[in-house]
Amino acid sequence: MPNTILRVCDLKTYFDTESGVVRAVDGVSFEVEAGRTLGIVGESGCGKSMTAYSILGLIPQPPGRIAGGEVFFEDRDLLQLTSRQIREIRGNDIAMIFQEPMTSLNPVFTVGEQIAEAIRLHRGADRKEAWRRAVELLDLVDIPLAEERAGSYPHELSGGMRQRAMIAMAISCDPKLLIADEPTTALDVTIQAQILDVLRRLQEELGMGLMLITHDLGIVAEMAHEVLVMYAGQVVEQADVKTLFGSPRHPYTRGLLASVPTMSSGTEELSTIEGTVPDPVRFPAGCRFAPRCDFAAEACDRPQALLDVEGRHVVRCGEWQRVSQKDMA
């Protein structure tokens, strides 16, 4: 049987602003299994990162607040824990690789000191032991001359090395779940491939679950076992990676896949999704994608629930069957 380590149920994260309530995460549910990767995709502002921050208790309160839902890590609801209890889990059992390592690493401490601090805090190691382990971790993520680099400050490292240092810090306590938020942003394709190889190898060695947040559908196709597509704070489709790429049902998912250039594209104009993401303070009463959807119908004016297509494939579109039939015609 699958070993589910994270179960998110109807999570809602709202922000109170002068303009109104921003429903950044609005009823999101999913599971992550040990040793498997869940890819989360969608446009900027769809709620991907905010979902991760909600899980880790990193939402600034106020203006943010958890408006509802449950987040079970193993048998504990993280939303019911005290700040101290969640800090004991964060960085130890659940770790996160943030989007931009230069702003996540402290510029006045060496990378070795920052990794060693996490080991001392969560594992109770002394300074000498923690430093030795920090060097081992830098070597594990393929940083050359690891002992020398451990004494370097973040600005002395390249973007790829800083990202590797962030990964080393994240895995320093052998987490059961690793959340990677755009781990290859602003890196060239060669370094991207190396970073992904590191993550894949570490996952195999540690057996950890991986939440991979990204805009890059190519990375999802290569790394993920399950894929969650988010739009305007909601899940619009979820399936295993082969099913989602082979038989996407939601018009938004199809639009995302169609916008990816291929080797056969040549000089053809790239496909785009017309329109913009709706104002999060004033989401449409019905399907939130309807104003941009070529298949919108009268039924789309009503709120849409997630529907089972087959097996573990779900889609938030009351018209998905009609859409599929129209495409096949």
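Author: Strands are DSSP runs of E with at least two residues, and they are numbered from the N terminus. The model discussed here is predicted.

Reader: Which strand gives the largest share of the lining of the largest cavity?

Author: That strand is β2, with 3 residues. Both β2 (20-33) and β3 (37-41) give two or more residues to this lining.

Reader: How much space lies in the largest cavity, and which residues line it?

Author: A cavity is a set of grid points where a 1.4 Å probe fits but cannot get out. In this model the largest cavity holds about 70 Å³ of space. Its lining consists of Glu 31, Val 32, Glu 33, Arg 36, Thr 37, Leu 38, Glu 226 and Arg 312. Sorted by class, that gives 2 nonpolar, 1 polar and 5 charged residues.

Reader: How many cavities of 30 Å³ or more are there?

Author: The count is 2. The second largest cavity has about 40 Å³ of space, and its lining includes His 250, Pro 251, Cys 287 and Phe 289. Here the classes are 8 nonpolar, 1 polar and no charged residues.

Reader: What volume does the largest pocket have, and which residues lie nearest its centre?

Author: A pocket, unlike a cavity, is an open set of points. The largest pocket has a volume of about 660 Å³. Of its 23 lining residues, Gly 91, Gln 114, Glu 117, Ala 118 and Met 169 lie nearest the centre. The element that gives the most to this lining is α4, with 7 residues; β6 (94-97) and α7 (159-170) each supply at least two. The lining has 12 nonpolar, 5 polar and 6 charged residues.

Reader: Which residues touch the most other members of the largest nonpolar core?

Author: Among the 37 residues of that core, they are Ile 97, Leu 138, Val 141, Ile 167 and Leu 178. The helix α7 gives the most to this core, with 6 residues. A second, separate core has 29 residues, including Ile 5, Val 71, Leu 81 and Ile 89.

Reader: What does Leu 138 touch?

Author: Leaving out residues up to four places away in sequence, Leu 138 touches Val 111, Ile 115, Ile 143, Ala 146, Arg 149, Ala 150, Ala 165 and Ala 168.

Reader: Is Arg 288 buried or exposed?

Author: Arg 288 counts as buried because its relative accessible area is 7%, and the cut-off is under 20%. Arg 288 sits in the loop between α11 (251-258) and β11 (307-310). A polar atom of the Arg 288 side chain lies 2.8 Å from the backbone oxygen of Ala 232. Beyond its neighbours within four places in sequence, Arg 288 is in contact with residues including Arg 23, Asp 26, Tyr 231 and Phe 283.

Note on methods
Residues numbered from 1 in each chain as written. Predicted model: local features only at pLDDT ≥ 70, side-chain atom pairs only at ≥ 80, totals over all residues. Heavy atoms only, no water. 1 Å grid on protein atoms, 1.4 Å probe; cavity = no way out; pocket = protein on both sides within 12 Å on 5 of 7 lines; lining within 4 Å. Points joined across faces, edges and corners; volume = space filled by probe spheres on them. Helix = DSSP H or I, 4+ residues; strand = E, 2+ residues; numbered from the N terminus. Nonpolar A, V, L, I, M, F, W, Y, C, P; charged D, E, K, R; others polar. Buried < 20%, exposed > 50% of the residue type's maximum accessible area, 1.4 Å probe, protein only. Polar contact = N/O pair within 3.5 Å; in protein donor to acceptor, adjacent residues only side chain to side chain. Contact = heavy atoms within 4.5 Å. Core = buried A, V, L, I, M, F, W, Y, C linked by side-chain atoms within 4.5 Å.
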